[in-house]
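Here is a short report on salt bridges and a pocket. Look at the structure first, then read on.

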Amino acid sequence: MSPSSTPSPSPERPYTHEMVVVHRVFRRESALLPRLVRAVPEGATGRAAIVGDHLAEYVTGLHHHHTVEDETIWPLLRERAEAVAEGTDVVLRMEEQHARIDRSLAEVTERAPAWQRSPGRAAGEELAGALEEHRRALLEHLDDEERLVLPLVEEHLTVAEWDAVGRRGMETVPKDKLLLALGALLEDADARERAYFLERAPLIGRLMWRAFGRRQYTAACRSLRAPIEGGTAR
C-alpha cells in the first residue's frame, strides 16, 4: 500500500484504518506459525519452546483482541444499528466467526504441549495443520470485518468511543511487551501509518523505540524467523 492510498484520520469520524493495520499483524503471524512449527528439527525441544512461547503470545493476543470487540464494539453496533437489518446480521456473523476461531484455537492449544515436549514430524505436522485451519477461519473473519463492520463503526460510533476501544486494546498488552507490540504494528506499515502510530505513542515510548526498541524488535524477529527466512525484519 502506498502512502497516497492510506486514508487520513478525520476529527469527525472514527479512524478505523487502525484496525486494518492491527489485522495485518494477525495475518502475518498466522502465516508464519505453521512454517515455524514445521522448521523445528525433530527432537529440538529448545527450539520448540521458543516457537511455543511465540504461539502462546499469539493466541493470547488474538483472544484479547476479540474480547475487546465482543465487549465494546458489538454491543454499540447492536444498539445503534438495530434499525438497519444488515447491521444486526453483521454483528451475529462476527460473533459466530469468533466462536469458530475459538474452536480452531482450542485445537491448536490442545496439540501444542505434546509437540513441545517431543517435537517430531508427525506431531509437528498435526499442529501445523491445525494452525492452517485456524488461519482459514481467521482470514474469513478479518476480511468480513474490514468489509462489513468498519463502515458501520464509522457511521454509528463516535471518535471518542472508537478511541476508547483502542485504549482498551492497549491495556491488554503487558508493559514489558509494548515496544514489541509497536514493532509488530510498524513492520508492514507504510510511511503514513508509521507516522500515525508513532505520533499516538507517549513521548517516552517514541524515545525508547528510537533508542533501542527498533533494534530489539528486529533482533527478536531475526531470532524467531531465522530458520525460515534468514531472520529478516523491516
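## Salt bridges and a pocket

Arg80 is partly exposed, with 30% relative accessible area (partly exposed lies between buried, under 20%, and exposed, over 50%; 1.4 Å probe, protein chains only). The model is predicted: local features need pLDDT of at least 70, side-chain atom pairs count only at pLDDT 80 or more, and totals for chains, interfaces and linings use all residues. Residues are numbered from 1 along each chain as its sequence is written, and side-chain values use heavy atoms, without hydrogens and water.

The structure holds 23 salt bridges (a side-chain nitrogen of Lys or Arg within 4 Å of a carboxyl oxygen of Asp or Glu). Three of them are listed here.

| Pair | N to O distance |
|---|---|
| Arg13 and Glu154 | 3.3 Å |
| Arg38 and Glu125 | 2.7 Å |
| Arg80 and Glu161 | 2.7 Å |

Arg80 sits in helix H2 (residues 45-80) and Glu161 in helix H5 (residues 159-171), 81 residues apart. Helices are DSSP runs (H or I, at least four residues), numbered from the N terminus. Glu161 is partly exposed at 22%.

Arg38 and Glu125 also line the second largest pocket (an open set of points on a 1 Å grid over the protein atoms alone, with protein on both sides within 12 Å along at least five of seven lines; lining residues have an atom within 4 Å of a point). Its volume is about 160 Å³, meaning the space filled by probe spheres set on the points, which are joined across faces, edges and corners. Helix H4 (121-156) gives the most to the lining, with three residues.

Definitions and conventions
On a 1 Å grid over the protein atoms alone, a cavity is a set of points where a 1.4 Å probe fits but cannot get out, and a pocket is an open set with protein on both sides within 12 Å along at least five of seven lines; lining residues have an atom within 4 Å of a point. Helices (H or I, at least four residues) and strands (E, at least two) are DSSP runs, numbered from the N terminus.
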